[in-house]
Amino acid sequence: MKRLLIVLFAGLVLAGCATSGVDPLAPKTVNSVNLKKYQGTWYELARLPMYFQRNCAQSEAHYTLKPDGKVLVLNRCLTADWQWEEAKGTAWPQEPGKTDKLWVEFDNWFSRLIPGVAKGEYWVLYVSDDYKTAIVGDPSRKYLWLLSRTPTVNGVVREELLSKARQQGYDTTRLIWRATDTQMAKTSN
């Protein structure tokens, strides 16, 4: 009997340590992204920003698929004083063969000092069938980007993106929206 209790207890301990690796509370991703269609220029419509975006008025991302399956990333940010800031990096699948959850690492002093530590999670939560709009976030729901192939979208598309982000548990009331060219011109005068 004692041996049976030890075996059962050990089994419970091992079962408690085993996980499927899937957080049931994490946002749901699209399962698969055609990176060839996804490459190109995306304009940020709105964001729950990372620290480095604190001065951005307009942002865009340029993705280029490499032959090895990794993606070259060029993020550009136009500040309110009309200065461009850029960050270059590389993205690659978190799991081989799955393209909806990527690691992104930017080439900066920190990533060169401690390689592999400064990578961020880039989860594609939604992409339209025509690859014209997308929603990207991270599993903590701290960061979110509503993206489009054009700098603006109509109200119907905007509301659709907001609704999808809210369904995933993101606080869309805190989104920072892309400044229009008119707004930018007013701030520079």
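A cavity is a set of points, on a 1 Å grid over the protein atoms alone, where a 1.4 Å probe fits but cannot get out. A pocket is an open set of such points with protein on both sides within 12 Å along at least five of seven lines. Lining residues have an atom within 4 Å of a point. Grid points are joined across faces, edges and corners, and a volume is the space filled by probe spheres set on the points.

The model is predicted: local features need pLDDT of at least 70, side-chain atom pairs count only at pLDDT 80 or more, and totals for chains, interfaces and linings use all residues. Residues are numbered from 1 along each chain as its sequence is written, and side-chain values use heavy atoms, with hydrogens and water left out.

Figure 1. Helices (H or I, at least four residues) and strands (E, at least two) are DSSP runs, numbered from the N terminus. Along the sequence the pattern reads α-α-β-β-β-β-β-α-β-β-β-α-β-α. The protein has 189 residues, and 34% of them are buried. Buried means under 20% relative accessible area, exposed over 50%, and partly exposed in between (1.4 Å probe, protein chains only). Contact means heavy atoms within 4.5 Å. Among contacts between residues at least 6 apart in sequence, 49% join residues at least 24 apart.

**Figure 2. The largest nonpolar core has 21 residues.** Such a core is a set of buried Ala, Val, Leu, Ile, Met, Phe, Trp, Tyr and Cys residues joined through side-chain atoms within 4.5 Å. Tyr 38, Trp 42, Tyr 63, Tyr 122, Val 127 and Leu 147 have the most contacts inside this core. Two or more residues come from each of α2 (35–38), β2 (56–65), β3 (71–79), β5 (101–106), β6 (119–127), β7 (133–137) and β8 (144–148). Another core, of 15 residues, lies apart from the largest one. Ala 26, Leu 48, Leu 161 and Leu 162 are among its members.

**Figure 3. Trp 42 and its contacts.** Which residues does Trp 42 touch, leaving aside its neighbours within four places in sequence? Its contacts include Glu 60, Ala 61 and Tyr 63. Val 127, Tyr 131, Lys 132, Thr 133 and Ala 134 are also in contact with Trp 42.

**Figure 4. The largest pocket has a volume of about 860 Å³.** Its lining has 35 residues, and Met 50, Phe 52, Gln 53, Asn 75 and Phe 106 are the closest to its centre. The elements that give two or more residues to this lining are β1 (40–48), β2, β3, β4 (84–93), β5, β6 and β8. Strand β2 gives the largest share, five residues. By class, the lining has 18 nonpolar, six polar and eleven charged residues. Ala, Val, Leu, Ile, Met, Phe, Trp, Tyr, Cys and Pro count as nonpolar, Asp, Glu, Lys and Arg as charged, and the others, Gly among them, as polar.

**Figure 5. The structure holds one cavity of 30 Å³ or more.** The largest cavity has a volume of about 70 Å³. Leu 35, Tyr 38, Gln 39, Tyr 63 and Val 71 are among the residues that line it. Ala 91, Leu 102, Val 104 and Tyr 122 line it too. Both α2 and β5 give two or more residues to this lining. Eight lining residues are nonpolar, one is polar and none is charged.

**Figure 6. Cys 56 and Cys 77 form a disulfide.** A disulfide is a pair of cysteine sulfur atoms within 2.5 Å. Here the sulfur atoms are 2.1 Å apart. Cys 56 lies in strand β2 and Cys 77 in strand β3, so the pair ties together parts that are 21 residues apart in sequence. The link is left-handed, with -125° about the S-S bond. Cys 56 and Cys 77 are buried. A search of the whole structure finds one disulfide.

**Figure 7. Asn 31 and Arg 141 in their loops.** Most residues other than glycine have a negative phi. Asn 31 has a positive phi, near 80°. Asn 31 is found in the loop between α1 (2–17) and α2, and is exposed at 54% relative accessibility. Arg 141 also has a positive phi, of about 65°. Arg 141 lies in the loop between β7 and β8, and is partly exposed, with a relative accessible area of 23%.

**Figure 8. Asp 100 in the loop between β4 and β5.** Is Asp 100 buried or exposed? At 0% relative accessibility, Asp 100 counts as buried. The C-alpha atoms of Asp 100 and Val 124 are separated by 5.2 Å, with the two residues 24 apart along the chain. Leaving aside neighbours within four places in sequence, Asp 100 is in contact with Thr 29, Val 30, Asn 31, Ser 32, Val 33, Tyr 122, Trp 123 and Val 124.
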